[in-house]
Amino acid sequence: MSDQAIPTLSTAAVVIPTFNERQNLRRLIEGLRRLDAGLLIVVVDDDSPDGTGDDAQAMAAADPRLKVLRRARKLGRGTAVLEGLREALKDPAVRCVLEM
């Protein structure tokens with residue numbers, strides 16, 4: 001067995017790149033919160049025309065462990081994940097990052 005500590009969920013972040021996910025986002029975030037693991041959640045929205053970014057921003061107003069990055073146009077999943085990773089790793093407690 002390794003001497004290195006395995007990260008617990010309380011030191012984990014989840015990056016969620018979004019584009020037109022309004023119908024799914026709230027249910028996903030609520031499901032992650034039900035895990036009661038202290039997860040940091042970072043939503044990166046590419047200016048979804050369906051209002052995904054607005055919904056994410058409203059949820060973040062009541063949840064300090066939810067961060068929302070809003071981008072001016074659709075730039076793609078890859079760069080969204082990279083931006084989300086950078087944002088998540090600003091928190092010194094984060095030891096692992098997952099992408100959904």
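Q: How do β1 and β4 pair, and over how many bridges?
A: In this predicted model, β1 (residues 12–18) runs parallel to β4, with 4 bridges between the two strands.

Q: Which residue stands opposite Val-14 there?
A: Leu-98, in β4.

Q: What's the strand order in the sheet?
A: β3-β2-β1-β4. The sheet is open, has 4 strands and pairs in parallel.

Q: And which strands stand at the edges?
A: β3 (66–70) and β4 (96–99). Each has a single partner strand, so one side of each lacks a neighbour in the sheet.

Q: How many degrees are neighbouring strands turned against each other?
A: On average 20 degrees, direction ignored.

Q: Switching to helices. Which strands does α1 lie across?
A: Helix α1 (residues 22–34) lies across β1, β2 (40–45) and β3. Its angle to β1 is about 175 degrees.

Q: What about α3?
A: Helix α3 (residues 77–88) lies across β1, β2, β3 and β4. It runs at about 150 degrees to β1.

Q: What span should α3 have, and what is it in the model?
A: At 1.5 Å a residue, its 12 residues should span 16 Å. The end C-alpha atoms of α3 are 16 Å apart, which agrees.

Q: Which α3 residues are buried?
A: Ala-80, Val-81, Gly-84, Glu-87 and Ala-88.

Q: Where do those fall, seen down the axis?
A: Within an arc of 125 degrees, so the buried residues line one face of α3.

How values were computed:
Residues are numbered from 1 along each chain as its sequence is written. This is a predicted model: local features need pLDDT of at least 70, side-chain atom pairs count only at pLDDT 80 or more; totals for chains, interfaces and linings use all residues. Side-chain values use heavy atoms; hydrogens and water are left out. Two strands pair if DSSP finds at least two bridges between them. Axes are lines fitted to C-alpha atoms, for helices over the stretch in contact, and angles run from 0 to 180 degrees between N-to-C directions. Contact means heavy atoms within 4.5 Å. The expected span of a helix is 1.5 Å times one less than its number of residues. Buried means under 20% relative accessible area, exposed over 50%, partly exposed in between (1.4 Å probe, protein chains only). The arc is that of the directions from the helix axis to the C-beta atoms.
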